[in-house]
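Trainee: Could you walk me through this one before I start working on it?
Mentor: Gladly; have a look at it first, and then ask away.

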Amino acid sequence: MTKQVVQVSKVVIRFAGDSGDGMQLTGDRFTTETAGLGNDLKTLPDFPAEIRAPAGTIPGVSAFQLHFADHLIATPGDEPDVLVAMNPAALKANLKLLRRGGDLIVNTDEFTKRALEKVGYTANPLEDGSLEEYQVHPVALTSMTVEALKDFDLTKKEAERAKNMFALGMLSWLYSRPSEGTLEFLKAKFGKKPEILKANIAAFEAGWSFGETTEGFSVQYEVAPAAMPAGVYRNISGNLALSLGLVAAGQLSNLPVFLGSYPITPASDILHELSKHKNFGVTTFQAEDEIAGIGSAIGAAYGGALALTTTSGPGVALKSEAIGLAVMTELPLVIIDVQRGGPSTGLPTKTEQSDLLQAMFGRNGEAPVPIVAPQSPSDCFFAAIEAARIAIEYRTPVFLLSDGYLANGSEPWKVPDVADLPAIDANFATELNHENADGSMDFWPYLRDPQTLARPWAVPGTKGLEHRIGGIEKAEGTGAISYDADNHDKMVRLRQAKVDAIAQTIPELTVDDPTGDAKVLVIGWGSTFGPIAGACKLVRDGGGSVAQAHLRHINPFPANLGSVLAKYDRVIVPEMNLGQLNMLLRAKFLVDTVNYNQVRGLPFKSDELAGVINDVRASL
Amino acid sequence: MSNLDKYPALTLVPKSDVAQSAKDFKSDQEVRWCPGCGDYSILSTVQGFMPDLGIAKENIVFVSGIGCSSRFPYYMNTYGFHSIHGRAPSIATGLSVSRPDLSVWVITGDGDALSIGGNHLIHALRRNVNLKILLFNNRIYGLTKGQYSPTSEQGKITKSTPMGSLDYSFNPVSLALGAEATFVARSLDSDRKHLTSVLSAAAAHEGTALIEIYQNCNIFNDGAWDPLKENETADDLMIRLEHGQPIRFGKDGAKGVIRTGDGHIAIANVAEVGEDALLRHDAHAQDPGLAFALSRLSDTHTLQDTPIGIFRDVQRPSYDRLAREQLADALEQKGPGDLQSLVRGKDTWVVA
């Protein structure tokens with residue numbers, strides 16, 4: 001049967017099921033096929049912290065949202081157009097997200113009395129009329145998968161496990177996605193288990209055929225490729241891009257890379273990824289705790305490596321004292337904080353921007369640390385290189401503030417030509433640098449470069465430059481222990497001035513204001529870039545004017561930030577915290593900003609933000 | 001014997017091209033320990049020993065934590081890093097693993113290593129990182145002015161324990177052996193000859209070497225180890241362990257260590273059991289059982305039957321070596337990394 005093919009410009013699909021149902025894998029595969037078709041896309045994996053919460057319960061629901069379009073898009077989508085619910089729990093947890101009138105594909109096999117009761121349904125929503133607002137497509141996913149695999153030498157449980165491939169096949173047909181990549185992927189994954197491989201392929205094909213033949217789907221959809229700049233593209237997640245950026249920074253600085261890390265969600269994937277690249281001179285050290293993670297990195301930095309430590313908020317708290325040591329000893333170090341919901345253990349798998357002030361101030365004493373924040377998954381690559389550049393050139397620890405949304409979200413990325421990336425000069429000290437009154441020469445480990453205020457990086461093994469460093473206050477220049485009051489006052493100010501001086505080498509803040517007459521500026525940092533850009537587009541599509549600026553450097557701020565803020569009647573600061581950047585902007589520039597905050601563990605929705613912007617515009 | 005043969009663990013460290021003396025290892029910093037502190041003699045012994053290594057002074061690094069002993073690196077004219085409380089083993093680990101051409105020494109105390117830094121110490125030991133850890137044990141917190149430490153004897157009256165401490169004490173040698181250490185020794189601050197011999201064996205050892213050094217704090221815990229240092233009592237209390245030799249001590253070697261019928265070890269009168277019944281010390285035994293049993297002989301309070309010397313010295317590849325080998329293997333298997341190819345990945349598409 002040939003079905004009508006309908007062209008649509010964009011679709012948001014949300015796959016939801018039990019943690020063990022393979023929803024992340026299904027979403028990943030659908031994403032890869034979609035990327036290959038040339039659509040622009042953004043993804044949002046949304047999964048629980050528990051590896052396998054009890055089956056069929058709300059806490060065990062794992063979801064994957066994908067937005068793809070024939071034009072450039074900014075976010076993973078505010079509202080899914082399609083929800084695939086593999087069981088009652090997935091329906092209950094995700095239904096409120098689905099667009100009214102949207103398509104709801106449900107696995108009817110799992111809607112048993114027991115499963116319904118488990119999540120508090122007193123009546124079957126498939127039968128009680130409560131889903132009238134949606135286009136419901138009941139599909140007996142599990143039993144059809146088992147039926148399709150009845151000739152295989154598999155247990156019922158093994159056959160049932162392939163139902164995510166049935167769902168993927170069905171959705172791949174529905175949205176005209178190619179299947180070759182998925183078949184290749186399955187071959188690679190199950191190459192050593194031929195029976196499982198054949199079963200997964202059969203389930204995928206059964207799902208595809210079902211879509212093609214069932215009367216439940218009257219149309220097939222197509223989404224045309226988006227117009228994107230010419231080039232070679234790949235799909236990339238934030239944690240992967242960040243890892244590749246760190247490897248690149250090692251190559252660009254010609255330094256061995258050393259990562260000292262303790263596993264923590266959502267940062268562990270960076271440790272996993274870097275551990276694969278030993279042939280790039282990358283050493284990864286899984287330490288006994290967060291403190292040893294950074295301690296080992298500081299040791300490697302002293303020895304002349306590009307030193308890294310990866311963590312999330314709770315780990316930063318544990319590393320605070322050691323970060324202070326790196327500030328005091330002025331050693332290059334990149335501290336990667338993939339932020340998650342806090343405080344304490346908080347929401348390990350959910351996103352938040354609430355470590356900004358911890359990164360800024362969370363140490364004893366005056367301990368300034370530069371902060372760089374990527375704004376999209378692919379931008380993590382360039383932000384990592386920038387953080388390494390600052391660390392090496394200024395001999396300082398640097399915070400790279402990613403978050404859970406950037407870490408796990410993905411988007412197409414035009415692969416850069418690595419020859420275009422800037423070299424980083426480690427500029428190791430090799431010579432004595434101070435002439436005494438009698439003409440003899442000494443090495444002063446705290447004699448500063450007049451331009452950058454950076455101290456020399458003299459690594460062990462360098463003859464004649466033997467010196468001692470440590471956490472006790474240093475005499476300016478000589479670096480000897482000093483408890484002198486005036487010297488301490490001077491050194492505290494010098495360390496601050498060195499970080500402030502970084503502003504000389506960072507680009508000025510640019511403002512996106514297409515009409516040039518905006519009276520309202522929206523300023524953000526980090527992963528809110530996409531949702532804010534989406535919101536600004538909605539406002540502009542509605543005929544309004546609004547300006548957008550986004551901070552990549554938060555310490556120090558770009559030199560022109562104050563003058564940018566002063567140009568607008570109102571400045572809105574949306575953040576996934578209770579107003580941390582807002583506090584810094586107000587303190588530094590005395591601007592009467594408008595705070596807009598959510599801490600829901602999820603990225604902002606663009607339409608909500610657009611409403612906020614329009615309210616502020618209307619108030620002028 | 002050339003130094004290369006004497007110190008196989010230092011084969012990757014550049015040799016000194018000049019003759020060195022203790023003076024070359026003295027920094028220009030004024031030493032600021034209390035007059036009479038046991039640290040002075042340890043510093044002097046280490047400075048005197050260093051030239052024997054025959055390695056370039058700029059390839060030696062001393063890393064310390066916090067406490068009186070941790071000021072040590074400032075007084076050595078080598079590279080040095082005075083870090084934060086308890087973390088020296090982690091910092092030294094990162095340095096050692098990434099720089100096989102360095103000889104890395106850790107200076108720590110009983111509070112630094114066993115209290116706040118206990119976790120880092122045990123993990124360095126089990127990994128067998130190429131570090132030489134000198135643990136100055138004075139059984140007291142000195143720099144914070146006199147609180148009990150993890151090695152203080154239970155019941156100790158200190159500023160923070162006016163009615164006596166409740167904590168049971170650690171035995172650093174037992175702890176290290178339990179943490180899979182490959183080299184564990186004990187020596188005394190005042191016994192230059194013995195300490196030098198232990199330092200030498202530690203430097204020759206590939207992997208982590210822990211040397212517990214009984215050190216006197218003459219301000220807050222004066223005389224803590226005196227029974228082991230005074231001629232009239234030392235012979236009776238102290239057991240000098242020597243590899244391959246019968247374990248014998250006491251005035252005129254009257255006492256020795258024997259294996260009892262139930263498999264334990266005990267102190268016996270040599271005249272009664274005969275010399276052949278004495279255990280021979282075997283520091284190279286893979287099984288740490290005897291070393292552990294020896295570490296348990298001593299009495300925490302009286303110091304009766306306290307062994308010094310090398311309890312254990314066995315071969316196991318260092319973490320550093322294994323990490324280096326993985327890098328080399330990856331390079332051999334995959335070739336030098338090609339950044340463009342890595343960034344490009346496998347799944348790409350072209351937009352024309």
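Trainee: What does the secondary structure of chain A come to?
Mentor: In this predicted model, chain A has 20 helices and 24 strands, where helices (H or I, at least four residues) and strands (E, at least two) are DSSP runs numbered from the N terminus. Local features need pLDDT of at least 70 and side-chain atom pairs pLDDT 80 or more, while totals for chains, interfaces and linings use all residues; side-chain values use heavy atoms, without hydrogens and water, residues are numbered from 1 along each chain as written, and chains are lettered from A and ligands numbered from 1 in the order written.

Trainee: How many of the 620 residues count as buried?
Mentor: In chain A, 62% of the 620 residues count as buried, meaning under 20% relative accessible area with a 1.4 Å probe, protein chains only.

Trainee: And what does the C-alpha trace span?
Mentor: Along its principal axes, the C-alpha trace of chain A spans about 95 × 65 × 45 Å.

Trainee: Switching topic, at what angle do α9(A) and α14(A) cross?
Mentor: The axes of α9 (residues 238-253) and α14 (residues 379-394) of chain A come within 7 Å and cross at roughly 40°, the axes being lines fitted to C-alpha atoms over the stretch in contact, with angles from 0 to 180 degrees between N-to-C directions.

Trainee: Which residues meet there?
Mentor: Among them, A:Leu242, A:Gly245 and A:Ala249 in α9(A), and A:Phe381, A:Ala384 and A:Ile385 in α14(A), are part of the contact, which means heavy atoms within 4.5 Å.

Note on methods:
Buried means under 20% relative accessible area, exposed over 50%, partly exposed in between (1.4 Å probe, protein chains only).
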